[in-house]
Amino acid sequence: MPIPTHPATSAEDLKSALAGFCTGVAVITALDGDGRPAGMAVQSFSSVSLDPPLVCFCPAHTSTTWPRIRAAGRFAVNVLAEDQSELCRRFAVTGGDKFAGTPWRPGGNGAPLLDGALATIECELADVLDGGDHAIALGRVTSLTTHRDAGPLLYFRRTYGRLPRSSSSMSASMASARSRSDA
């Protein structure tokens, strides 16, 4: 017997239901046409394809930062660590100088690479698709670096969190996962 479903009756209903899906958090960065750094926090980042290497994120059409990143044509994805919730909050707001006091260095494509990120993924903008009230930005990966072994910053039920773990159990489970994928 099918399980009855109930359509979302409002944007709030949809947000409430989707808040039960845990995501990682990243900051998308670029240098705009004036050479100024631009950045925005996203939880809508995902791998799309290994061949060719593609990733995506979904900026809102109302974003004031997205047009600057789009115009740049290249960007970096900075995957945030569990101790970077304040950095995420800084990049999640509209306006202001998000880079004030934020250590970064230019990547190979010029986009800002944020210090302390778990990984940075440099991309060229490959395509932008319509996604309702958001865009779906596809990036072709041109370079990537893993910087440190720490837990990810998570977003769940409209708050930040982290995985409960010890560093030795995380390293052991990562090594086990790597050996299984090599088989």
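Strand S5, which covers residues 53-57, pairs in the antiparallel sense with strand S10, residues 134-146, over four bridges, and within this pairing Leu54 stands opposite Arg140 of S10. Strands here are DSSP runs (E, at least two residues) numbered from the N terminus, and two of them pair if DSSP finds at least two bridges between them. The model is a predicted one, in which local features need pLDDT of at least 70 and side-chain atom pairs count only at pLDDT 80 or more, while totals for chains, interfaces and linings use all residues. Residues are numbered from 1 along each chain as its sequence is written, and side-chain values use heavy atoms, with hydrogens and water left out.

S10 also runs antiparallel to strand S9, residues 119-131, to which it is joined by 12 bridges; among the paired residues, Asp127 has Leu138 in S10 as its bridge partner. S9 and S10 form a hairpin with two residues between them, and in the turn Gly132 has a positive phi of about 75 degrees.

On the S4 side of S5, strand S4 (residues 46-50) is joined to S5 by four bridges, and these two strands run antiparallel. Ser47 finds its bridge partner in Val55 of S5, and a hairpin through two residues joins S4 to S5.

Cys58 is in no disulfide, and the nearest cysteine sulfur, that of Cys56, is 5.0 Å away. As for accessibility, Cys58 counts as partly exposed because its relative accessibility is 25%, whereas Cys88 is buried, with a relative accessible area of 2%; buried means under 20% relative accessible area, exposed over 50%, and partly exposed in between, for a 1.4 Å probe and protein chains only.

Conventions:
A disulfide is a pair of cysteine sulfur atoms within 2.5 Å.
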